[in-house]
Amino acid sequence: MSKRVTVFGTGYLGATHAACMAEIGHEVLGVDIDAAKIAKLEAGEVPFYEPGLDEVLKRNIEAGRLRFTTSYEEAAAWGDIHFLGVGTPQRRGEYAADLRFVNSVVEKLAPLVTKPAVIFGKSTVPVGTAANLGELARELSPAGEGLEVAWNPEFLREGFAVEDTLRPDRLVLGVDRDRPGRAEEVLREIYAPILELGMPFIVTDLATAELVKVAANSFLATKISFINAMAELCEAAGADVTVLADAIGHDKRIGRKFLNAGVGFGGGCLPKDIRAFMARAGELGAEHALTFLREVDNINMRRRTRMVEISRELVGGSLLGSRVAVLGAAFKPDSDDVRDSPALNVAGQLQLQGATVNVFDPKAMENARREFPTLGYSASTEEACQGADLVLVVTEWKQFRELVPADLNKIVRRKRIFDGRNCIDPQVWRAAGWTYRGLGRP
Ligand code: UDX
């Protein structure tokens with residue numbers, strides 16, 4: 001049955017959630033304080049790149065199921081099921097998460113809620129946040145105990161956001177065990193079309209639900225850093241980490257996914273989530289439990305430095321005066337997100353060491369320019385590689401994976417390619433007279 005649903009925050013998470021809730025038949029109102037973003041969405045434009053999301057957005061706006069507003073008054077009056085999908089970035093100069101956006105939604109919304117309602121938090125938050133927000137909401141709302149706060153963490157991956165929202169691996173709901181309310185019943189109704197597909201639905205307490213999310217991301221980060229640590233060993237021993245990953249990945253207990261060694265993880269989630277988790281563990285007096293995450297972070301950051309070192313070797317010992325083409329700026333393919341992107345981090349370090357850097361990315365150019373305005377940017381792969389002494393592949397976009405030597409032979413000054421994602425075939429490039437380097441490969 002169709003419900004009225006609001007979604008606060010229209011970033012990667014919120015906009016996707018709003019559009020997908022409309023897609024499964026609900027009447028949805030997306031809310032954001034950023035008027036420019038709302039104007040774009042109202043016009044059926046996704047303010048970022050996410051494959052397939054624009055169709056879902058347009059279709060549901062046209063069907064009249066999806067609207068957007070900047071008005072909290074309108075949102076509070078219109079619906080009694082509110083999703084909270086605003087960002088929880090890393091605090092400046094600290095590891096901990098910045099909760100100002102989640103707090104602010106509850107501070108502004110709760111006083112406007114006069115009838116029983118449920119707020120479902122989706123943002124990734126430090127354990128304990130949901131309980132605090134519940135208290136705050138009850139205090140500020142005329143509905144008092146009638147305003148529930150529950151937690152429904154989101155596991156979507158950028159690039160697969162629509163698919164992950166409509167067909168998630170599992171749904172998790174944390175409820176306030178001290179205050180049995182309607183949250184579970186309401187969420188089962190909202191997600192009925194998804195649950196019908198047979199998804200596991202795990203209902204637990206607030207703290208466990210919050211922890212599920214950071215535990216999942218910590219595990220993924222650990223898996224990537226594990227294989228990158230193996231890459232360091234492979235480099236030292238002259239072995240090949242890609243073969244090693246394939247071989248251990250056949251063990252079903254290990255699995256091949258998330259074992260791609262390379263320049264490491266970035267993005268708006270994994271790096272800041274493991275740091276916020278460590279910070280929170282410290283507050284809880286359990287920091288020892290997570291000291292390994294510091295190493296996970298270290299291994300990850302070392303990959304970036306290593307890429308710069310190898311680049312320097314490849315151009316003959318000094319980057320001064322060299323031209324380096326950097327293919328990729330986004331933290332991963334099929335995204336325009338450059339938050340903590342290893343690609344731009346490497347590009348920046350190369351430039352600081354005297355290289356002329358030309359970056360090209362199919363979708364992330366605008367965001368990259370905003371974050372790193374002093375880097376050189378090119379309009380195409382060919383332009384970026386013009387006269388290059390070294391070509392780096394740092395984001396494994398399909399068009400870079402499919403590059404063949406003939407595309408670049410006549411353009412570059414020196415035939416050297418450094419594959420920071422181990423995503424192109426060394427044999428093909430070597431056979432064409434190129435120097436090929438990967439990370440963790442001989
Ligand atoms: C992640 C989680 O996967 C998702 O469940 C959560 O909701 C948000 O955080 P996302 O940040 O979109 O999603 O990207 P993900 O696909 O997990 O990749 C993260 C980073 O790890 C990327 O920089 C990617 O390039 C890197 N990565 C991934 C590797 O270096 N090797 C791998 O094998 C896999």
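A residue is termed buried when its relative accessible area is under 20%, exposed when it is over 50%, and partly exposed in between, as computed with a 1.4 Å probe on protein chains only. The structure is a predicted model, in which local features need pLDDT of at least 70 and side-chain atom pairs count only at pLDDT 80 or more, whereas totals for chains, interfaces and linings use all residues. Residues are numbered from 1 along each chain as its sequence is written, and side-chain values use heavy atoms, with hydrogens and water left out.

By this criterion Cys 234 is buried, with a relative accessible area of 4%, while Cys 269, at 31% relative accessibility, is partly exposed. With a disulfide defined as a pair of cysteine sulfur atoms within 2.5 Å, a search of the whole structure returns zero disulfides. Cys 234 accordingly takes part in none, the nearest cysteine sulfur, that of Cys 423, being 18 Å away. The sulfur of Cys 269 is too far for a bond because the closest cysteine sulfur, in Cys 20, lies at 16 Å.

Helices (DSSP runs of H or I, at least four residues) and strands (runs of E, at least two) are numbered from the N terminus. Strand β13 (residues 416-419) pairs with β14 in the parallel sense over four bridges, pairing being assigned where DSSP finds at least two bridges between two strands. The chain passes from β13 through helix α19 (residues 426-431) to β14 in a right-handed β-α-β crossover, that is, the path from the first strand over the helix to the second runs clockwise when the strands point away from the viewer.

The loop between β13 and α19 contains Asn 422, which is buried at a relative accessible area of 15%. Its contacts (heavy atoms within 4.5 Å) beyond neighbours within four places in sequence include Val 241, Thr 242, Tyr 436 and Gly 438. Polar contacts are pairs of N or O atoms within 3.5 Å; within protein, one atom must be able to donate a hydrogen and the other to accept it, and residues adjacent in sequence count only if both atoms are side-chain atoms. The side chain of Asn 422 reaches the backbone oxygen of Leu 439 at 2.9 Å and that of Ala 261 at 3.3 Å.
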